Amino acid sequence: MNTALVQAKEPAQLAPTRETPALRGEVVVPAATAGLRVPTLASLPAATLIALAVHVAVSKNEPPVDTRSYTIFLGIVLGLSIVASLVQPAWAGLRRWMSHMWPILAAFVSLLCAWEVITSGFRLLPMPYFPGPASVLQNLVNDYAQLFKCTGYSLLLLGAGYALGVAVALITGICIGWFRHARYWGMPLLKVIGPIPATAWVPLAMVVSPDGRYSAIGLIALAVWFPVTMLTISGIANTRASYLDVARTLGAGEKYLILRVAIPAALPNIFIGLFMGLGTSFLTLIVAETVGVKYGLGWYIGWAQGWAEYGKVYAALVIMAAFFSTIMTLLFKVRDRVLVWQKGVIKW
Amino acid sequence: MVGPNSTIVEGSSLRIVDVTKSFSNADNAESRTHALGGVSLSVAAGELVSLVGPSGCGKSTLLRLTAGLDSPDSGELWVGSEAITGPSAERGLVFQDPNLFPWLTVRRNIEAGLVARGVLREKRNEVDGFMRLVGLETFGAAYPHHLSGGMAQRVALARALINHPKVLLLDEPLGALDAFTRMRMQDEVLRLWEARGTTMLLVTHDIDEAIYMSDRIVLMTPRPGRIERTLTIDLPRPRQRNSTDFLRLRGEILGLLHFAGAQEALPA
């Protein structure tokens, strides 16, 4: 029935690109958005339809209570993709988005399908450790309150630790990068302390602060501090001398030279440090949570594993992936904003 | 000597008295390169003087000393009645590379001097005037990398002029431009000079440029940098690049620099 619907609408709106049947089956992202190619347009509904069919076949002999969420999820994706296909001829913005996103979304749904075939379908992997997507989604739905709480808790630790680490790193980085004395005394300290992975400080952190939250924040801050400091120093130290000369002849004092010449010149480097620091902060967050705190995604994973509830472990991983990639994306957006002047100077 | 159309003279006189400067060599701390060996020069308020000479004759060093970015080993530099002890907004400097701050828009680059001196609030109304003066009033929101070489150099000039410097130091400002843009920019700089009456010290490799623009040309020789000769250019303005007098002066200067003909071996 759904197949008929998909095929029925194809000829109607794809008449202009009828000469491209040879491209059928290829994943092509067309640059022009005048009309969508057949493979692009059909990719997501087709993939979802296949996934749904596989799911129905696989879950025949499982209790429906464990699989309903996944069925609903695939149904919603299918419904939305069909609605979008019908609406897109009249909505250029949606069409542009679809031409960019649909192949990748279709690939994602296909992966879910493959995952289900391997796990729930043919049971190629040992069972309690590798649940299928339906079970993971069901765990996500059933335990959302706990997961939500843990995500919020992790966000709090990460935010506090990252902010503290960045604030301290910018101060130390700017001082060491700009002032000769700060460099003489600070650089050796940085070279000795910095490379120690923050997670190696866990035993010490637990002694210093019996409250796991503060030690986690401290460890995250330490993990962020080193890369951000290093990159800030190199950014400040690499400021073109002629920018500083020009600023001096314009009447600039030291405050202007630091705040309005050296720091803007160092910002591209500082952002590299911020990205590196973000990566290490995720790692440190999860490690710190598994040792000393009573909530958070890292703690949740350890707890679920203790009860052999691997569906919950994967549910937490899914949340973590969404959580971390959202934060990454936000930082990219901030960078695009702040470094907009680089557009055209570098390969953006 | 002041440009014929000058209405105001913002410039100050400049006096350089027996200045020497040497640098230690990077590879050998014992040996030193003598960039300047006893240079004296007086420039009147509102005068445009060119420094001409081969590479290594200390032209740029002299300009950096005047800007206050370096200090001399011995000798004195004076602007009006004040000794030069460090950089100051009174002495603007324009390099061959415009050195615009890439993170600031054209307008904010031009405003930079006002921000640096903490007078943006009072003087903000002057910014538009300077953008018009260099013909960039519609480019205020553009970032420097969108500008052509000539436009970028005009922004650099406006940025230096917004502080109303008493002396404007120009270190081969037009050296990187193509020949046509360069000639147009020479007229532009002359127009700014005549409008403001700023004292200008221009370092250039281009003898035509020096004759076309200067009241006086200072010929320098290298190792150590010294003033070889000073020529007063009293051709009427605006000057003709192909007049007989212009070409005669050109030949004379080339002869003094030993570039007049093939009989002289070129320095390595």
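**Figure 1. Helices of chain A in the predicted model.** Chain A contains 13 helices and zero strands, where helices are DSSP runs of H or I with at least four residues, strands are runs of E with at least two, and both are numbered from the N terminus. Of the 348 residues in chain A, 37% are buried (20 or more other C-beta atoms within 10 Å of the residue's own, with C-beta atoms placed from the backbone; 12 or fewer is exposed, and in between is partly exposed). Residues are numbered from 1 along each chain as its sequence is written, and chains are lettered from A and ligands numbered from 1 in the order in which they are written. This is a predicted model, in which local features need pLDDT of at least 70, side-chain atom pairs count only at pLDDT 80 or more, and totals for chains, interfaces and linings use all residues.

Figure 2. Helix α11(A) covers residues 254-292, and its end C-alpha atoms lie only 45 Å apart. A straight helix of 39 residues would span 57 Å at 1.5 Å a residue (1.5 Å times one less than the number of residues). At Leu267(A), shortly before the proline Pro268(A), α11(A) has a kink of about 55°, the bend being the angle between axes fitted to the seven residues ending there and the seven starting there.

**Figure 3. The contact between chains A and B.** Chain B contributes 23 residues and chain A 15 residues; two residues are in contact if their C-beta atoms, placed from the backbone, lie within 7 Å. On the side of chain B that touches chain A, β6 (91-94) and α2 (106-117) each supply at least two residues. The largest share, four residues, comes from α2(B). This side of chain B divides into twelve nonpolar, seven polar and four charged residues (nonpolar: Ala, Val, Leu, Ile, Met, Phe, Trp, Tyr, Cys and Pro; charged: Asp, Glu, Lys and Arg; polar: the others, Gly among them). The predictor gives the complex an ipTM of 0.87 and a pTM of 0.81.

**Figure 4. Confidence along chain B.** Chain B comprises eight helices and ten strands. Its average pLDDT (the predictor's confidence in each residue, from 0 to 100) is 86, and 93% of the residues score at least 70.
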